[in-house]
Amino acid sequence: MPPSPIHDPLRAPLPDASTEVRNTTCYMCACRCGIRVHLRDGEVRYIEGNPDHPLNQGVICAKGSSGIMKQYSPARLTRPLRRKAGAERGSGQFEEISWDEAFALLEERLAKIRATDPKKFALFTGRDQMQALTGLFARQFGTPNYAAHGGFCSVNMAAGMIYTIGGSFWEFGGPDLDRARLFVMIGTAEDHHSNPLKIAISRFKRNGGRFISINPVRTGYSAIADEWVPIRPGTDGA
């Protein structure tokens, strides 16, 4: 049975509904803000920031509050899809198949590749804990062609910081703005460490700190900087 609409202003209250609130952490980025998830009859209905969490102190961004769509998005895949016979790549023509069919197809194709040339197999997965599984599976399979989210995001940032300042902190480490007088931000994505950093920058500026942002565009953090240094796109690390 499909879930009821997330919000229907014309719907009468449900007197017999069972409601509860669960405290957990947001998984929409690497920040891991504390959130409170409101449930009604076991279904997620609303997500808000947890004011008792030391990291975000109740602040939640648009990405975090929209995490409810991971459960109810109409675009969410719930079953394996196979491209229809005769359909061209990119045409978007798929048909649903069972999990047993999907696993059988994978077993057949991967066995053939591994028996001939494992290096023809390339694997890409999402972020965080999945990256360790990606590398383990690929090495056992016999291919060096594997990557994950970190190879295009955090790893690059860490390498750049090691070569420039001799060390690295991840985007959820955060600068020590409580003891700083000048804060220079270079090439930072708007969604990285966003909630705690917004709180910290606000306190930093109120205490008289100077904030300089170096970024091709003046949005987000750069919009509230004391000085914005525009640069040509793609030259952040120059």
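**Labels and their grounds**

Me: Asparagine 195 lies in helix α6. Why is asparagine 195 called buried?

Reply: The model is a predicted one, in which local features need pLDDT of at least 70 and side-chain atom pairs count only at pLDDT 80 or more, while totals for chains, interfaces and linings use all residues. Residues are numbered from 1 along each chain as its sequence is written, and side-chain values use heavy atoms, with hydrogens and water left out. Buried means under 20% relative accessible area, exposed over 50% and partly exposed in between (1.4 Å probe, protein chains only). Asparagine 195 has a relative accessible area of 3%, and is therefore buried.

Me: Which residues does asparagine 195 touch, not counting residues up to four places away in sequence?

Reply: They are Cys33, Asn56, Val59, Ile60 and Cys61, where contact means heavy atoms within 4.5 Å. For asparagine 56, the C-alpha to C-alpha distance to asparagine 195 is 5.7 Å, although the two are 139 residues apart in sequence.

Me: What makes aspartate 52 exposed?

Reply: Its relative accessibility is 63%, and aspartate 52 therefore counts as exposed. Aspartate 52 is found in the loop between β3 and α1 (62–65). The C-alpha atoms of aspartate 52 and isoleucine 35 are 9.3 Å apart, at a sequence separation of 17 residues.

Me: How many disulfides does a search of the whole structure find?

Reply: The search finds zero; the criterion is a pair of cysteine sulfur atoms within 2.5 Å. Cysteine 26 has a relative accessible area of 10% and is therefore buried. Cysteine 33 also counts as buried, because its relative accessibility is 6%.

Me: What makes β8 and β10 the edges of their sheet?

Reply: The open sheet is formed by three strands in the order β8-β9-β10, with parallel pairing. Strands (E, at least two residues) and helices (H or I, at least four) are DSSP runs numbered from the N terminus, and two strands pair if DSSP finds at least two bridges between them. β8 (182–186) and β10 (227–229) each have a single partner strand, so one side of each has no neighbour in the sheet. On average, neighbouring strands of this sheet are turned by 15° against each other, direction ignored.

Me: How do you know that β8 pairs with β9?

Reply: Five bridges in the parallel sense join β8 to strand β9 (residues 210–214), and the definition therefore counts them as paired, since at least two bridges are required. Isoleucine 186 has isoleucine 214 in β9 as its bridge partner. Helix α6 (residues 194–206) lies across β8 and β9 and runs at about 145° to β8; axes are lines fitted to C-alpha atoms, for helices over the stretch in contact, and angles run from 0 to 180 degrees between N-to-C directions.

Me: How do β1, β2 and β3 pair?

Reply: Strand β1 (residues 19–25) and β2 are antiparallel, over seven bridges, with histidine 38 in β2 as the bridge partner of valine 21. Strand β2 (residues 34–40) and strand β3 (residues 43–49) run antiparallel and are joined by six bridges. Leucine 39 stands opposite valine 44 in β3, and arginine 40 stands opposite glutamate 43. The hairpin of β2 and β3 has two residues between the strands, and aspartate 41 takes a positive phi near 55° there.

Me: How do you know that the span of helix α3 agrees with expectation?

Reply: The expected span is 1.5 Å times one less than the number of residues. For the 18 residues of α3 (residues 99–116) that comes to 26 Å, and the end C-alpha atoms are 26 Å apart, so the values agree. α3 is hardly covered, with one buried residue among its 18.

Me: Why is the pair of phenylalanine 121 and phenylalanine 137 called edge-to-face?

Reply: Six aromatic pairs are found in the whole structure. Rings of Phe, Tyr and Trp (its six-membered ring) pair if their centres lie within 6.5 Å; planes under 30 degrees apart are stacked, over 60 edge-to-face and the rest tilted. Here the centres are 6.3 Å apart and the planes stand at 75°, so the pair is edge-to-face. Phenylalanine 121 lies in the loop between α3 and β6 (123–125) and phenylalanine 137 in helix α4 (residues 129–141), so the pair ties together parts 16 residues apart in sequence.
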